[in-house]
Amino acid sequence: MSFTIALNFEDGITRFIQCNAGEKVLDAAYRQKMNLPMDCSDGVCGTCKCHCASGDYALGEDFLAEALSDEEAAARQVLTCQMIPSSDCVIDVPVASAQCKTGITTTDADVVAINALSDTAIELVVRPETPLHFLSGQYINIQIPGTPHLRAYSFSSLPGSQEGRFLIRNVPGGLMSQWLTQRGQPGDTLTLSGPMGSFYLRHTVRPVLMLAGGTGLAPMLSMLETLAQRQSQRQITLLYGVTSDVDLVKTEALDAFRQKLPGFRWLPVVTDAQSACPQRGFVTDHLSDEMLNQGEVDIYLCGPPPMVNAITMALRERNITPAGFWYEKFIASQSAAA
């Protein structure tokens, strides 16, 4: 038996290692040529201190209080030289990946399909050389063929799948948009690098409120796939905001999640005043007290900066401080490197 350990470095890069049953995380990392911070490796110095964001583990008693206090341990601080996982875990490492002699993973992937879902959204399906490991909600850089330019796109697929899926905004004049609509064909090869990002699904038991704008739906689809795989019983609400009715995509997939997740519901929100949608206006117009649950809720928000800013302001005006609040802004045609 082994467990998958996601190591999130402070520069946004995530690397995955396999930790055998009974094996310490530090030993597993070194076995896989990843040099996590350390000095003594005996639970004395505290150099290897990290934070376990999710997962189950044991620390034992072979470390000094000076290296890890009771208060730190209660806050899920860990010493990787003493940490023995008993499940998959996510660990926040407080240094840049380069300091650990690791970095972005690069892989090639064949294009399987390029689907025009609407005038404004394109679905890209790729098959990498090996299954892509990432945390639901994270993104990857894709190099535009024939150029040095990168574009960052969130996965909409389940981590570890044979195929990777992405929802891409069709930007007039955009380099990637032009390649996808004019030149890209199944069988073409793309270079992917990552995964990256601190926007990912956390392990809690609170109700979930997902707020997506346009192709910001992509990471929510990935999160929903993961929640369905876990047979989650949590209450999950998705507000999906778009400009016009034709911009609503992947609605059949969203409807299917109602069968996979008993606590799931989704509501479209359309800005166009002429829309037939019952929820017209902006997502902020439809944030009910029930959804916000007096702040006892995990909110995941992905959309353009004006939407993210508006929702942040709306929560502040209503004196709501969510127990969990994670968001990601996207800007058309902006490379991840920038």
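In helix α4, residues L217, L221, L224, E225 and A228 meet L254, F257 and K260 of helix α5 (contact means heavy atoms within 4.5 Å). These contact residues divide into 6 nonpolar, no polar and 2 charged. The model is predicted: local features need pLDDT of at least 70, side-chain atom pairs count only at pLDDT 80 or more, and totals for chains, interfaces and linings use all residues. Residues are numbered from 1 along each chain as its sequence is written, and side-chain values use heavy atoms, with hydrogens and water left out.

Now the geometry. Helix α4 spans residues 217–229 and helix α5 residues 251–260. They pack at an angle of about 25°, with axes 11 Å apart. That makes α4 roughly parallel to α5 (angles under 35 degrees count as such). The crossing of α4 past α5 is left-handed: the near helix is turned anticlockwise from the far one by less than a right angle.

The largest nonpolar core holds 30 residues. Such a core is a set of buried Ala, Val, Leu, Ile, Met, Phe, Trp, Tyr and Cys residues joined through side-chain atoms within 4.5 Å, where buried means under 20% relative accessible area (1.4 Å probe, protein chains only). M210, L217, M220, L238, L254 and F264 touch the most other members. At least two residues each come from β14 (208–213), α4, β15 (236–242), α5, β16 (264–270) and β17 (298–303). Helix α4 gives the most, with 8 residues.

Look at L217. Beyond its neighbours within four places in sequence, L217 contacts L167, A212, L238, Y240, V249, K250 and L254. Another core lies apart from this one, with 27 residues, among them F9, L36, C52 and A67.

Technical notes: Axes fitted to C-alpha atoms, helices over the stretch in contact; angles between N-to-C directions. Helix = DSSP H or I, 4+ residues; strand = E, 2+ residues; numbered from the N terminus. Parallel < 35°, antiparallel > 145°, perpendicular 65-115°, else oblique. Nonpolar A, V, L, I, M, F, W, Y, C, P; charged D, E, K, R; others polar. Buried < 20%, exposed > 50% of the residue type's maximum accessible area, 1.4 Å probe, protein only.
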